[in-house]
2 protein chains.
Amino acid sequence: MSTQTLPKTPAEIRKLIRHNQFNSVTGGVAPGYVQANLAILPRDVAFDFLLFCQRNPRPCPLLEVIEPGQFEPKITSPGADIRTDIPRYRVFRDGQMVDEVTDLKDLWREDLVSFLLGCSFTFESAMVDANIPLYHWETGKNVAMWRTNIPTTPAGIFSGPMVVSMRPIHQEKVVRAVQVTSRFPGAHGAPVHIGDPQTLGIQDINKPHYGDAAPFSEGQVPVFWACGVTPQAVALQSKPSLMITHAPGHMFITDMRDTDLAAL
Amino acid sequence: MSTQTLPKTPAEIRKLIRHNQFNSVTGGVAPGYVQANLAILPRDVAFDFLLFCQRNPRPCPLLEVIEPGQFEPKITSPGADIRTDIPRYRVFRDGQMVDEVTDLKDLWREDLVSFLLGCSFTFESAMVDANIPLYHWETGKNVAMWRTNIPTTPAGIFSGPMVVSMRPIHQEKVVRAVQVTSRFPGAHGAPVHIGDPQTLGIQDINKPHYGDAAPFSEGQVPVFWACGVTPQAVALQSKPSLMITHAPGHMFITDMRDTDLAAL
């Protein structure tokens, strides 16, 4: 089913996903609604992970935490089922990816705690609406990402460097980009740095650690935001016995509207 | 020692408190620095309480959570000791207050988790700076507070009504009061309601459940904010085996500046 012919409400789209009638990446699906990153961890490390997110709100903006064993995100998406309503999941054991699945029915356990985290789609939509063009949107590529020399604030067993995403922004639009993204602290918020990759420990702006390189046009400068890959990278470094995430680009579509996430 | 002759930095004032040379209420002390509510709970209920705060950021704006057994608030106030640096503590067992103490040295345990939460001093200072007079500041009284019919979002064992504080604001300054306090989501943020106490289930605006009644001058309307009494009231309702808080008005003085809490 193509994106054009999809139904329009998140609940309808989640139902298609649940019944394996839609299993693609979710970019551009249900425009105007908040999409979320997923991280599922066993209860014994959930307090540490919740604390890690509380201490690092820019890379880890919590939208909802679902209590142990429960699978309905009652706050952001009543009626949804976190075990079935994401097109594709990745399963990690002891820090290594062991499987990619389309539902979690066979993997579900009573001690699993699910975390939904804000995603860059929300603030990118706001930038595009504000007439700030984004190379990776226009070309269908992935955003460029790097591990940096910025440490996250550790919590319990979790620590590690912040991952950032970079978007080339024309210097005339940099101030507007700061303003527009600052409104969305629940989706990574304002940039963490403008201008000099070296400051973040990034040696080659043309060689991202994740995603696709973005070329610079005349007058564009690199602008960096905290990235939702951070919590996954940090969590896997501690080699939890089990961790389940969405597959890249295959997000959970909530009932929240982008405007619900606006700070003001 | 009177407030006037106190040293000016939070670290110096905390040192006096630690050595029992200052044991009064902290309002007006170290102006410009963020003061915090304290809640200490055993680890077995700490995940639920952290989740409760995450789900109810307006009454429970988390500034810092100190990991089990640790007592230094490294993020907001390096070098401080949460067991000694508050002028007065209250000790609750099974939901009942059993003691008021000036330090926690005899009570400290390896499983205790400390939560520091934003306090109304921050947004009240911002209002006073914006030329919005506050009756309880001018008279040295306590702000008026009520339990409401607004439910908090439950988390694990914790649930209950939101407690609000009320300040009479002249109708010409209500919009400015919304703007000024919206900047400080880390200190309860924007009002939860303007104008009609009945909407919140408050029967008599002259009879607060906590604190002192505030009279209304011509043209003033009641404006309500989420209140930091909420987490304490909700936690005690679940009768935890042990809970320790600051005594009313005797806050923890952090190294953060009020402006550090500003969203924008």
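User: Which strands does helix α6 of chain A lie across, and at what angle does it run to β7(A)?

Analyst: Helix α6 (residues 229-237) of chain A lies across β6, β7 and β9 of chain A. It runs at about 155 degrees to β7(A). Axes are lines fitted to C-alpha atoms, for helices over the stretch in contact, and angles run from 0 to 180 degrees between N-to-C directions. Helices (H or I, at least four residues) and strands (E, at least two) are DSSP runs, numbered from the N terminus. This is a predicted model: local features need pLDDT of at least 70, side-chain atom pairs count only at pLDDT 80 or more, and totals for chains, interfaces and linings use all residues. Residues are numbered from 1 along each chain as its sequence is written, and chains are lettered from A and ligands numbered from 1 in the order in which they are written.

User: Why is α6(A) called largely enclosed?

Analyst: A residue is buried if 20 or more other C-beta atoms lie within 10 Å of its own, exposed if 12 or fewer, and partly exposed in between, with C-beta atoms placed from the backbone. Seven of the nine residues of α6(A) are buried, so the rest of the structure largely encloses this helix. Among the buried ones are Val229(A), Pro231(A) and Val234(A). Just after α6(A), Lys239(A) has a positive phi of about 50 degrees.

User: What makes β6(A) and β7(A) a pair?

Analyst: Two strands pair if DSSP finds at least two bridges between them. β6(A) and β7 (residues 161-170) of chain A have five bridges, in the antiparallel sense. Therefore they count as paired. Met145(A) stands opposite Ser165(A) in β7(A).

User: What makes β6 and β8 of chain A edge strands?

Analyst: The open sheet has four strands in the order β6-β7-β9-β8 (chain A), with antiparallel pairing. β6 (144-151) and β8 (193-194) each pair on one side only. Helix α5 (residues 174-182) of chain A packs on this sheet, touching β7, β8 and β9 (220-226). The direction of α5(A) makes about 15 degrees with that of β9(A).

User: How many residues of chain A are in contact with chain B, and what counts as a contact?

Analyst: Two residues are in contact if their C-beta atoms, placed from the backbone, lie within 7 Å. By that rule, 16 residues of chain A are in contact with 16 residues of chain B. The largest share of the chain A side, six residues, comes from α2(A).
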